[in-house]
Amino acid sequence: MTRPVVLIAEELSPATVEVLGSEVEIRNVDGTDRPALLAAVAEADALLVRSATRVDAEVYAAAAHLKVVARAGVGLDNVDVPGATSAGVMVINAPTSNIVSAAELAITLILSSLRNLGRADASVKGGRWERKQLTGVELLEKTVGIVGFGRIGQLVAERLRPFGVTLLAYDPYVNHARAAELGARVVELDELMREADVVTVHMPKTPETTGLIGAEQFALAKPNLHIVNAARGGLIDEDALYEALSSGRIAGAGLDVYSSEPPTSSESARRLLELDNITLTPHLGASTSEAQEKAGVAVAKSVRLALAGELVPDAVNVAGGAIDDLVRPGVALADRLGQLFTVLAGEAPEVLDIEVHGEVASRDVTALKLSALRGVFRSVVTEQVSYVNAPVLAEERGIAVQLVTDENSERFRNVITLRGTLRGGEVVTVSGTLSGVDQEHKLTEVFGHALDVPLSDHLLIIRYQDGPGLIGTYGARLGEAGVNIAGMQVSRAGSSRGAEALVVLDLDESVDRDFAEELGAAIDARSIHAVDLVY
């Protein structure tokens, strides 16, 4: 019997190759040599890469037998995941391989900032002996605020407790019981910024979290604050950070990530290089031999499962088991509805019902539930979300998830609805359907307002009290900002002036959070959400 061919396109550890085993035929190619890669992948059943090999439509077209692409690392920037899905190729990565390394680096940056280690190293190497000028502070009995309390944030908390610190945690999706187990008190971001002596950031980067810590937050901080970011560049507003550090508003900082990398490529980041009270490292979060080894071994195990036709926990684009042909087109829709729900809710629901209405409800729609959950958590956690770990993430956060099916559907042939009850009792709902021969994604309901509008990549959703001239106001503001409206629909809760209106604007490009908030304030909106969806 012919053994499956596993093509290794970049250098992997001997342990990785050993895990693949003798049941496969291992071949090697230089993934950066494009002609060689395309020739070699023609006979491959599996392709293993790191970050240098570009896996795109051209590769899939050349790979008639390819079943799985494995990225020995966390990110997937070099792998075309939608293209793989269209080609029927499973994509795998190692989402938790670097979490310990990232947590340890965050703690290293905290201690380096508190003890001026970067400046001290440069001082001694420069022939100086500046003990008095480089006096630091102890971590003992300090208050540490952890912004983002997912897996890495929790690892940081576990490792900080022996230092004798008080822990605060901010995360809209935090499990309060788990935080308490780790000795952390859950607070709002403003309270954390006021009370903390040290802040460490561990959030994913989304439109909502970009610039999460800026001038307003630094204005609340103690002058002895030290802040570090080893998560994603841009979570801390670099201009605001520069002003806070250079003016003495805060004491110090440590960064491993930047809005543009290397930092010399961005004016806001480049100015930080001028400061003495900041420690800078070149994105070393995953750069340990252990993390690289874990990544390779993890994906090798997953490749073996994939080639054996078994369930693969780290698959990012394929749900376990066969999906009914009637159900399959709704998988991507459910994911995008989950993403939209998270933006509108802004926090973890206590209860989340995933409802499937229509003829599709007579089939096994488990894949729709898993896909919706994956969408919900895409922008909530720093690790890659798969169809297997998404239910675990919900359970860890104390979210009661139910799948509800009903073969009756009033307005459309099939409808998927996410209905979540928040801690304060508010219910957030979003619904969507597939329309026409092309199975276009349509948004059919938001916050109880009936709609029939494309569920496009860039949306602006506004709730406000209806009145004359308001459409002209926000339309003009968007026009002045150079943002084109591709389409829109207004839904009103009542027939009279003054009723709540909800408008969904289909935009050609995304708008940032600050602009959206200014726009909402101009029309006294009840809420405004800029939404960017991905496949």
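Student: How much space lies in the second largest cavity?

Tutor: This is a predicted model, in which local features need pLDDT of at least 70 and side-chain atom pairs count only at pLDDT 80 or more, while totals for chains, interfaces and linings use all residues. Residues are numbered from 1 along each chain as its sequence is written, and side-chain values use heavy atoms, with hydrogens and water left out. A cavity is a set of points, on a 1 Å grid over the protein atoms alone, where a 1.4 Å probe fits but cannot get out; the points are joined across faces, edges and corners, and the volume is the space filled by probe spheres set on them. For the second largest cavity, that space is about 30 Å³.

Student: Which strand supplies the largest share of the lining of the second largest cavity?

Tutor: Lining residues have an atom within 4 Å of a point, and here they are H458, L459, L507, E509, S510, V511, A530, V531 and D532. Strands are DSSP runs of E with at least two residues, numbered from the N terminus, and β19 (458–465) and β22 (527–532) each supply at least two residues of this lining. The largest share, three residues, comes from β22.

Student: Where do the buried residues of helix α16 lie around its axis, and against which elements do they pack?

Tutor: Helices are DSSP runs of H or I with at least four residues, and buried means under 20% relative accessible area (1.4 Å probe, protein chains only). In α16 (residues 389–396) the buried residues are N389, A390, L393 and A394. Because they cover an arc of only 150°, taken from the directions from the helix axis to the C-beta atoms, they are on the same side of α16. With contact meaning heavy atoms within 4.5 Å, these buried residues pack against α15 (366–377) and β14 (400–406).

Student: With which side chain does the side chain of D335 make a polar contact?

Tutor: D335 has its place in helix α14 (residues 330–345) and is buried, with a relative accessible area of 4%. Leaving aside neighbours within four places in sequence, D335 is in contact with S371, A372, R374, G375 and R378. A polar contact is a pair of N or O atoms within 3.5 Å, where within protein one must be able to donate a hydrogen and the other to accept it, and residues adjacent in sequence count only if both atoms are side-chain atoms. At 2.9 Å, the partner of the D335 side chain is the side chain of R378.

Notes:
1 Å grid on protein atoms, 1.4 Å probe; cavity = no way out; pocket = protein on both sides within 12 Å on 5 of 7 lines; lining within 4 Å. Buried < 20%, exposed > 50% of the residue type's maximum accessible area, 1.4 Å probe, protein only.
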